[in-house]
Amino acid sequence: MKRHFVTALFCCSLLSACQPNKAENTPIIAEQNPSNTVVSFEDAYSGLSGNTIIEHAKILASDDFGGRLPATEGEVKTLAYLTEQFTQAGLVPTEGDSFLQPVELISITASPNATLSIGQQNFNYKENMVVGSQREQAQIDITDSEVVFVGYGVNAPEYNWNDYEGLDVTGKTVIILVNDPGFENPDAGVFEGKTMTYYGRWSYKYEEASRQGAAAAIIVHETEPASYGWSVVANSWSGPQYGLVNPDKGASRVAIEGWISIEAARAVFAEAGKDFTNEKAKALQGPYHSALALTASASVQNTFETSMSYNFIATLPGSELPDEHIIFTAHWDHLGTDTSLEGDQIYNGFHDNATGTAGLITIAQQLGTLTERPKRSMTFLIVTAEEQGLLGSKYYANNPVVALDKTVANINVDAMNILGQTKDVAVVGQGKSELEQYLVAAATKQGRVVVQEPRPEAGYYYRSDHFSFAKAGVPALYAYGGATPLNDEVAAYRKKMNVIQRGCYHQVCDQYRDSINPAGMEEDARMLMDVAIQVANAEIWPQWSETSEFQRK
Ligand SMILES: [Zn+2]
């Protein structure tokens, strides 16, 4: 009786016309609450524990999972763990009887004896250059290809900027600056100032060079505009590189893609009789390219194999509108194990992204206890191969299990806040959609304010799985505890933890530590669950802002 009473109340408060009988047909999944006590959202909210997040994350980031590389034993263990946890939480497969969506990956491994020379300079793999190829060919060579500096390598009609204007780069090697011209010139009114646009992303640079017909595209690494150091490039680019299986076998891509260090770039420009700093300054003034009167040669030997990996997807069916879904995303994968390393060889990926995966397990567990289910369905999509270019979420967006026009919103969780409680909440890509209104409400409830992400120049909106939804037109939110600690005690902890974690992004030292305080993860997970519940029960769907580069398709 109590249950029916509460159902009716719930329904009356949300719908203009009350239909209490409808609740009789509400799908009830597993019986999570045998004692028949009413579990309200507030109970589920205050019961969500940061310690639970830590416990799940500790397991996923244990050495036993080997760093969770796609298509390894670590994946088998991860998927088994997710299946067990989401089943126990009372969730069901989103479609059919399996939680798994197969994603066929191709892994291309360049032999470490890959070479790149520009002019008289011969570079060393991982030390000052990385090269690879997305073409499914065993041997890829370019020989004496003319070198052209193409500035930022951007062709953006809406910003009236085309570095390739009047230039034919067919068969040539293009050298490209990282980020977009707004980064160094934030007040010049070009692009979005410090905020990185998609034109600043390395993935865009190769896509555009491929469209232009170049043979090779080499990006100059600079720590500030890239937002990460050379070691991140060296580590991410060596070992197997994954892509989605492509019908054209990569023929539409440039033959060689890679990076050189800033020191290597300076040497190249000097040999061509130019100064890198001067050339960069010209590239900042407006669309720019200049021939370097040097040639480049490169050689890559690829071995490749296809493999099957999986996205995990589970749903808590909605009580009123089960066909409409709010989709949480997190990536389960990380970088695996590198047996060539001395000492620790396992990229445990505790922060990135065992915490996010664990956060979603914990949110699902709490939602599963609710006496009254949210009006719309809550779906948890835990994707593969994020680290290799958002591949799992990209595949999902191309092959959605829930139709995109039934997907109300996406909320992404990638690397939760392990630095303790904060006074603020950083929203990545501020101002893009109405989801922020719900975020503000949830943050305000916790006494927090919503602020812009600390480094909009880092392009984080394009660097995790929500971007795949945004590109497909689904409003997507990525937000987490900000940079202002709650009090002096948290500030001291934050300072200490920052020192410990420094330099651990995509390194073997991103691992579980007893000293990690779960309070920041707890408040963020509660907040995101709150946002999801508000969207699930709202009368209307959230929309993109008019000024956003993304819109519903
Ligand atoms: Zn991540």
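At what angle do helix 3 and helix 10 pack, and how far apart are their axes?

Reply: This is a predicted model, in which local features need pLDDT of at least 70 and side-chain atom pairs count only at pLDDT 80 or more, while totals for chains, interfaces and linings use all residues. Residues are numbered from 1 along each chain as its sequence is written, and side-chain values use heavy atoms, with hydrogens and water left out.

Helix 3, which covers residues 50-60, packs against helix 10 at an angle of about 130 degrees, and their axes are 8 Å apart. Helices (H or I, at least four residues) and strands (E, at least two) are DSSP runs numbered from the N terminus, and axes are lines fitted to C-alpha atoms, for helices over the stretch in contact, with angles running from 0 to 180 degrees between N-to-C directions. The angle makes helix 3 oblique to helix 10, where under 35 degrees would count as roughly parallel, over 145 as roughly antiparallel, 65 to 115 as roughly perpendicular and the rest as oblique. Helix 3 crosses helix 10 in a right-handed way; a crossing is right-handed if the near helix is turned clockwise from the far one by less than a right angle, and left-handed if anticlockwise.

From helix 3, the residues T52, I53, I54, H56, A57, K58 and L60 meet F350, A354, T355, T357, A358, G359, I361, T362 and Q365 of helix 10, contact meaning heavy atoms within 4.5 Å. The residues of this contact divide into eight nonpolar, seven polar and one charged, where Ala, Val, Leu, Ile, Met, Phe, Trp, Tyr, Cys and Pro count as nonpolar, Asp, Glu, Lys and Arg as charged, and the others, Gly among them, as polar.

I361 is buried, with a relative accessible area of 1%; buried means under 20% relative accessible area, exposed over 50% and partly exposed in between, for a 1.4 Å probe and protein chains only. Leaving aside its neighbours within four places in sequence, I361 is in contact with H56, L60, Y81, L82, Q85 and F86, and H56 and L60 belong to the helix 3 side of the packing. Although I361 and Q85 are 276 residues apart along the chain, their C-alpha atoms are separated by 6.8 Å. Helix 10 (residues 350-368) also holds N353, and the peptide bond that leads from D352 to N353 is cis, with omega near 0 degrees.

Another packed pair can be set beside this one. Helix 12 and helix 15 pack at an angle of about 130 degrees with their axes 9 Å apart, and they are therefore oblique to each other, while helix 12 passes helix 15 in a right-handed crossing. On the helix 12 side the contact is made by L435, Y438, L439, A441, A442, A443 and K445, and on the helix 15 side by M527, D530, V531, Q534 and V535. Sorted by type, the residues of the contact between helix 12 and helix 15 are nine nonpolar, one polar and two charged.

Side chains of opposite charge can pair when their charged atoms come close. K445 forms a salt bridge with D530, their closest N and O atoms being 3.0 Å apart; a salt bridge is a side-chain nitrogen of Lys or Arg within 4 Å of a carboxyl oxygen of Asp or Glu. This pair links distant parts of the chain, with K445 in helix 12 (residues 435-445) and D530 in helix 15 (residues 519-537), 85 residues apart. At 43% relative accessibility K445 counts as partly exposed, whereas D530, at 5%, counts as buried. Salt bridges that share partners join E42, K445 and D530 into one network.

The structure holds 14 salt bridges. In one of them, R376 pairs with E324, the closest N and O atoms being 2.6 Å apart. R376 lies in strand 17 (residues 376-383) and E324 in strand 14 (residues 321-331), so the pair ties together parts that are 52 residues apart in sequence. R376 and E324 are both buried.
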